[in-house]
Amino acid sequence: MELAIKKTETFTSTRNACKLCSPLGASLVFKGIEGCIPMIHGSQGCATYIRRYMISHYKEPVDIASSNFSEETTIYGGNKNFCTGIDNVRHMYNPAVIGIASTCLSETIGEDIPRLIREYAQLHEGEQIPVFIHASTPSYQGSHMDGFHETVLSAVASLANEGATSKQINIFSGFISPADIRYIKEICDDFGVEYMVFPDYSDTLDNPHWKDYQLIPEGGTPVAQIQNAANAIASIEFGTIMNKLVSTSKSSVAHTAGEWLEKHHSVPNTRMPLPIGIEASDVFFKTLETISGIPTPRHHARERGRLVDAYVDGHKYVFGKRAIVFGEEDMVLSMVAFLHEIGIETVLAGSGGESNSLKKEIDALTSGLYPNMIVMNNLDFETINEMVDELKPDIFIGNSKGYYIARRLKKPIVRIGFPIHDRFGAQRLHHIGYRGTQELFDRIVNALIEYKQEHSPVGYKYI
Amino acid sequence: MNAILKDRNSQIVRAGADTKTIACNKPSLAGAVSQRACVFCGSRVVLYPIADALHLIHGPIGCAAYTWDIRGAMSSGPEIHRMSFSTDLHEKDVVFGGEKKLEAALLELIDKYQPKAAFVYSTCIVGVIGDDIESICKKVQALKQIPVIPVHAPGFQGTKKDGYRAACEALEVLVGTGNRPAQEFSINILGDFNLAGELWILIDYYKRMGIHINATITGDGRVEDVANAHKAQLNVVQCSGSMMYLAKQMKEKYGIPFMKVSYFGIEDMSDALYEVATFFKSDDMLTKAKEIVRFEFARLMPELVKYKQALQGKKAAIYVGGSFKAISLIKALRLIGVQTVVVGSQTGTADEYEIIKQLCDEGTIIVDDSNPAELSAFVKETKADIFIGGVKERPIAYKIGLGFCDHNHERKEALAGYEGMLNFAKEIYATAMSPVWKFTK
Ligand code: SF4
Ligand code: SF4
């Protein structure tokens, strides 16, 4: 193990990155706002690549505008392109909201986007112009997850304002699937509480079939709810790592939307890991019970009961297996904790994120029971590839980019999170809560059973 | 809401109705949600299939992450090209410069992967922080004794087309450095990227005619072959948008003539064989080419007729990378009874758009550098049934109930050559005839 870690230290370059760039995260959040179109302030390629990457996962149209920097723009500034871009976007899409993310390029040449927005608004005084939200997302400062959380924070910080008290519960659910978001909404509906899930791309990135093309798909968190976030009775935040890297480097007062609301508007914030596994999901349901004073609806309690039943039925197939887990830090953290809960040992947990807190968080959630687990930040796939042989894993759990390693080792991989580019139905996968855990558990058990069956000389008919 | 922006009008014409020539080769309009990527993208897709070279992307992580194994360009041997290498610039590199990091990255990667050459792509950020890539490349080249070639590709310095040019310039550095004698009747195949193994289909035809393949640029490409490309007697260029520049340069420098061909559709594929035979003034080759065509024709036609009967009257929209390919597609579709009603490309040329205008039925919409708003409006207006495009167009088609055929980088079915024509027909048939459409009406 010593050896393996040394190997990675010698590489300056990133080889098959296990992370994406910051404006991708911003675009996701913007897609989760009602009536919003994202515009990336920078050159054309970034926007197109991000669109393509998201389209391949969600199998949905993902329109993201670009202000399309040219040589001239980079010398004289992006003012003209910004204004033309906004004009054109308004003309084609007539959006209620325009979400603007910066790129490495626009940040490096020092574009002052808030100023550009102000100037545009002055120029169009008297007109009804869209709401602007701006997130600063240079990728050299962080990965897509940093961009994601930064944008959630920016949206809330720029829109939330105090008004009449409300019963709204803010749920900042992090980077989960459209199906996960729909499930959270179902839970909240069943509790009968008023709530906001932000960002909510459950419709915009997983639309039903259309008769006519919708330039801005239906759905998304309504701006009114984000404004009302300041008056909510409580916030719940999924993820304990979030955007630590960027926010600490910017040394802002609040790192996340929940924290910001707590500081500025006294909305109590409960932060918890992504609720994957029974224990983690219990925390979420208990929190909802506490905030609302309503017991968990029977329907969900029964789902929990069935999950426990499934754990019992399946425990022997998974016990003692060795897993390699990779992806976004918060996802990896919760996955490791869930695997711990069912008796699977994670031998390597890795992420391209760079918060430097993954190890600490994993130790905390698993009571420090795995001193030998290799936990790595700023990790890339080739490093994993070079370490896996000696780790002798039984299963890989992570996004689809790790498939090639699992393939080389001829071991099963359970695809979770983002991106899943080589399978169908990624937008409909569940990960969180009792339902998501059930689905994950079934998939993991079956992957292991299938592996055993395929490698058995008998090809048995019963499990 | 309005699908077409005023400033985009000049890039849209209608066959028969419009006398104006289409405007093209322009930077994309700000805010227009172009389907194009960037200069870097253009250079990367062209050079990427060179399988024994190291492709190092100098910049922040995104540019490299989004292009990891992005094309289905197959290799018969090494596969270094399928890796995504990045200098992954961080804030301190942006502030203090990334040269040291680049040098260290190059050295370690060359040691580890033993490539035959290295391409170093500079992306947007590098274009503004002013790293001296040239000198780092020179230094590493001297140290490691392999060609280390900078590819100047900051995204903002033009369009995808300029990236093609940057790639050709990088190739030019290699061409002429080898000293391998070539056999008689040697050609280079330029502009086929061996997606889904298409190149191997073509090579087989040419070999059957007695032609020797000197270098394939860049499909299943090898550094050594590129280095010896100047030994061929003829450059056969497909996807003219990306490789024409190299062909012209090679003609100028080494006197190697070139011809433009397309391998899509029976007609164009057959021409590609005949023209090469004619070039070598060989009756024997021509006879063999005719044999191939006759044989393949006899094999294909009965099948195609079946598809044609089923597909007669269907309408298609085409939106692809280059306009040259679009021309072949229009003809191939016609062969199976499908009428083209919308044709567009990301980086077409005026000449080719003109040919398209002549080739298409009246009213066909021809568009340069389009976007989702326009494309969705066009297919609705023309009542297209099938869309032929790439990943980014697929959801536009599916979402409103059109069939779709992927004719882009990521296709998994070979669509070139005779076999490819059959696959193409099958795919169009499958997408048009699926019973699922009854639920979308
Ligand atoms: S940063 Fe520049 S080179 Fe990289 S993807 Fe964006 S536009 Fe292209
Ligand atoms: S320049 Fe930055 S924002 Fe653009 S693709 Fe590269 S990493 Fe992402």
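Q: How are α15(A) and α19(A) oriented to each other, roughly parallel or roughly perpendicular?
A: In this predicted model, helix α15 (residues 329–342) of chain A packs against helix α19 (residues 433–454) of chain A at an angle of about 65°, and their axes are 12 Å apart. Angles of 65 to 115 degrees count as roughly perpendicular. The two helices, α15(A) and α19(A), are therefore roughly perpendicular.

Q: Is the crossing of α15(A) and α19(A) left-handed or right-handed, and which residues of α19(A) make the contact?
A: The crossing of α15(A) and α19(A) is right-handed. From α15(A), the contact is made by A:Met335, A:Phe338, A:Leu339 and A:Ile342. Those of α19(A) are A:Thr437, A:Leu440, A:Phe441 and A:Ile444.

Q: How many residues of the contact of α15(A) with α19(A) are nonpolar?
A: No charged residue takes part in the contact of α15(A) with α19(A), and one residue is polar. The number of nonpolar residues is seven.

Q: How many disulfides does a search of the whole structure find, and how far is the nearest cysteine sulfur from that of A:Cys18?
A: Over all chains, the search finds zero disulfides. A:Cys18 is accordingly in no disulfide, and the nearest cysteine sulfur belongs to A:Cys21, at a distance of 15 Å.

Q: Which cysteine has the sulfur nearest to that of B:Cys41, and is B:Cys41 buried or exposed?
A: B:Cys41 is in no disulfide. A disulfide needs sulfur atoms within 2.5 Å, whereas the nearest cysteine sulfur to B:Cys41 is 5.8 Å away, that of B:Cys38. With a relative accessible area of 7%, B:Cys41 is buried.

Conventions. Residues numbered from 1 in each chain as written. Chains lettered and ligands numbered in written order. Predicted model: local features only at pLDDT ≥ 70, side-chain atom pairs only at ≥ 80, totals over all residues. Heavy atoms only, no water. Buried < 20%, exposed > 50% of the residue type's maximum accessible area, 1.4 Å probe, protein only. Axes fitted to C-alpha atoms, helices over the stretch in contact; angles between N-to-C directions. Helix = DSSP H or I, 4+ residues; strand = E, 2+ residues; numbered from the N terminus. Parallel < 35°, antiparallel > 145°, perpendicular 65-115°, else oblique. Left-handed = near helix turned anticlockwise from the far one by under 90°. Contact = heavy atoms within 4.5 Å. Nonpolar A, V, L, I, M, F, W, Y, C, P; charged D, E, K, R; others polar.
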